[in-house]
Amino acid sequence: KGPDPDLPIIKQRLEQVDRKILVLSGKGGVGKSTFSAGLSWALSADEDIQTGLMDIDICGPSIPLLMGLSNSTIHTSSSGWSPAYALDNLAVMSIGFLLPSAKDAVVWRGPKKNGLIKQFLKDVEWGQLDYMVVDTPPGTSDEHLSIVQYMKEVGIDGAVLVTTPQEVALQDVRKEIDFCRKVGIPILGLVENMSEFICPKCNTANAIFAPTTGGAAQLGRELDLELLGRIPVDPRIGSTCDKGQSFLDDYPDSPAAQSYIDIVQRI
Ligand code: ADP
């Protein structure tokens, strides 16, 4: 079998992207998509920064909703697919845009998923980007292997591993770390989501997952990984995201918004 004829085109497109970041989590429900969306909003808060958010969670694409693009469809031209825009400087591509309805579950096997991811990389006109954030499905599956296979052609800057503080979630993070090391992707660091609850009335931090709060910091020390940030539980995150709005715009002074701003500085 000769070299993949599409690789030069993929390479050409990806060479226009400065930093490519994969967002991974061992488990579902830890807030990975919420984090990918929040990180993208936070990066694009600077109008001079061009950001792309690519959702390859083929079986459960939630990015269109989180980015306020549920009703968007993708336009095709002779040179490819144009992404949807959440902001002038924030391009978004998701399988969700291609499904006839949000209720359509995608039950695809590996090769078809691989084909779609390849098409996202080959055909989407991202243009010049400073950052590409890739929201992946939980765990390590076909989608991860596909994206790594293609992106490695031009280099992946690194993976951000999202977890919650409980030991069950942390255990799965170890598997993600193992995956990154096996396929040779640098790990930018860990993000502990839902680390604690900060009461909006009195500003006191409550370790709702006690006694394991700080679990990601401990794991980071154990495995020599940076803890990029700890995002508190804030019920307003859920409600803002469900409206497809930026939490940072709506609650700029909240501790959770500050966590995102700090994380952007570190990646
Ligand atoms: P995943 O992508 O890991 O499956 P999601 O991003 O879909 O997880 O998040 C799961 C749920 O948790 C969503 O309802 C989301 O709004 C909520 N959520 C995520 N992070 C936070 C947070 N820091 N505070 C409050 N709710 C959160």
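## Basis of the description

Residues are numbered from 1 along each chain, in the order in which its sequence is written. Because the model is predicted, local features need pLDDT of at least 70 and side-chain atom pairs count only at pLDDT 80 or more, whereas totals for chains, interfaces and linings use all residues. Helices (H or I, at least four residues) and strands (E, at least two) are DSSP runs, numbered from the N terminus.

## The largest nonpolar core

The largest nonpolar core has 70 residues, and among these Val92 and Val160 touch the most other members. Such a core is a set of buried Ala, Val, Leu, Ile, Met, Phe, Trp, Tyr and Cys residues joined through C-beta atoms within 7 Å. A residue is buried if 20 or more other C-beta atoms lie within 10 Å of its own, exposed if 12 or fewer, and partly exposed in between, with C-beta atoms placed from the backbone.

Val92, with its neighbours within four places in sequence left aside, is in contact (C-beta atoms, placed from the backbone, within 7 Å) with Leu53, Ile63, Met67, Leu69, Pro83, Ala84 and Ala86. In soluble globular proteins, nonpolar side chains tend to be buried together.

## The shell around the ligand

The ligand is surrounded by 19 residues, of which Gly31, Lys32, Ser33, Thr34 and Gly238 are the closest; a residue is counted here if its C-beta atom, placed from the backbone, lies within 6 Å of the molecule. Two or more residues of this shell come from each of H2, strand S9 (187–198), strand S11 (227–233) and helix H8 (235–242), and H8 provides the largest share, with 4 residues.

By residue type, the shell divides into 8 nonpolar, 9 polar and 2 charged residues. In this division Ala, Val, Leu, Ile, Met, Phe, Trp, Tyr, Cys and Pro count as nonpolar, Asp, Glu, Lys and Arg as charged, and the others, Gly among them, as polar.

## Helix H5 and its cover

In helix H5 (residues 142–151), 7 of the 10 residues are buried, so this helix is largely enclosed by the rest of the structure. The buried residues are Glu143, His144, Ser146, Ile147, Val148, Tyr150 and Met151, and what covers them includes helix H1 (7–14), S1, helix H4 (110–123), strand S7 (129–135) and H6.

## Helices H6 and H7

Glu167, Leu170, Val173 and Ile177 in H6 meet Gly215, Ala216, Leu219 and Leu223 in H7. The residues of this contact divide into 6 nonpolar, 1 polar and 1 charged.

## Single residues

Gly26 lies in the loop between strand S1 (17–25) and H2 and is buried, with 23 other C-beta atoms within 10 Å. Although Gly26 and Arg174 are 148 residues apart in sequence, their C-alpha atoms are 8.0 Å apart in space. Beyond its neighbours within four places in sequence, Gly26 has contacts that include Pro138, Gly139, Thr163, Asp172 and Val173.

Note on methods. Contact = placed C-beta atoms within 7 Å.
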